[in-house]
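Welcome, and please open your viewer. We will go from one selection to the next, with a short note on what to look for at each stop.

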Amino acid sequence: MNRPTLHQIHPVLPVQNVLAALFFYTQKLGFEIAFADDPKDPKYAGIKRDHIEIHLQWRDDKDWDFNVDRPMLRIVTQYVDSLYEELKDKEVFHPETAVVNTDWQTREFAFYDLYKNGLTFYQNI
């Protein structure tokens, strides 16, 4: 019997406006559009960069009335300092955001997208 193998994960992030989220991820973070369910008014789309893919799904405004925790993605990154340098002048994170070494032996930086979904980019040290 063949042993099942997990290959990838495509997290789905909630967003209020898929077009705005697509612009943020493509123009600010260097992703490209993998697919969209509608080219003019998408409600579900995928973006990719290198070996990862993230899906963006529209949520109704009433879903944002509640103060709930949004997802936090931890993305394994090669050359995390170079990625930080690439993004720092694109106004995607707070000016005090920095690359730090953690007690759990990673070097990382973190910030939120337009809809408070957390993104942590890290590498093991």
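This is a predicted model: local features need pLDDT of at least 70, side-chain atom pairs count only at pLDDT 80 or more; totals for chains, interfaces and linings use all residues.

The side chains of T102 and T106 make a polar contact at 2.7 Å.

Is T102 buried or exposed? Its relative accessibility is 12%, so T102 counts as buried, the cut-off for buried being under 20%.

Keep the view on this loop and select Q105. Q105 lies in the loop between β6 and β7 as well. Check its backbone: phi of Q105 is positive, about 65°, although Q105 is not a glycine. Why is that worth a stop? Because most residues other than glycine have a negative phi. As for the surface, Q105 has a relative accessible area of 46% and is therefore partly exposed.

Another positive phi can be found at E91. Select E91 and you will see a phi near 55°, again in a residue other than glycine. E91 has its place in the loop between α2 (80–87) and β6. With a relative accessibility of 71%, E91 counts as exposed, because the cut-off for exposed is over 50%.

Next, turn to a sheet. What is the order of the strands? These 4 strands form an open sheet in the order β1-β4-β3-β2, and the pairing is mixed. At the edges are β1 (12–15) and β2 (32–36), each of which pairs on one side only. Look along the sheet for its twist, which averages 30° from one strand to the next.

Zoom in on one pair of this sheet. β2 pairs with β3 (residues 44–49) in the antiparallel sense, over 4 bridges.

Which strands does helix α1 lie across? Helix α1 lies across β1, β2, β3 and β4 (52–58). Finish by comparing directions: helix α1 runs at about 155° to β4.

Note on methods. Residues are numbered from 1 along each chain as its sequence is written. Side-chain values use heavy atoms; hydrogens and water are left out. Buried means under 20% relative accessible area, exposed over 50%, partly exposed in between (1.4 Å probe, protein chains only). A polar contact is a pair of N or O atoms within 3.5 Å; within protein, one must be able to donate a hydrogen and the other to accept it, and residues adjacent in sequence count only if both atoms are side-chain atoms. Two strands pair if DSSP finds at least two bridges between them. Helices (H or I, at least four residues) and strands (E, at least two) are DSSP runs, numbered from the N terminus. Axes are lines fitted to C-alpha atoms, for helices over the stretch in contact, and angles run from 0 to 180 degrees between N-to-C directions. Contact means heavy atoms within 4.5 Å.
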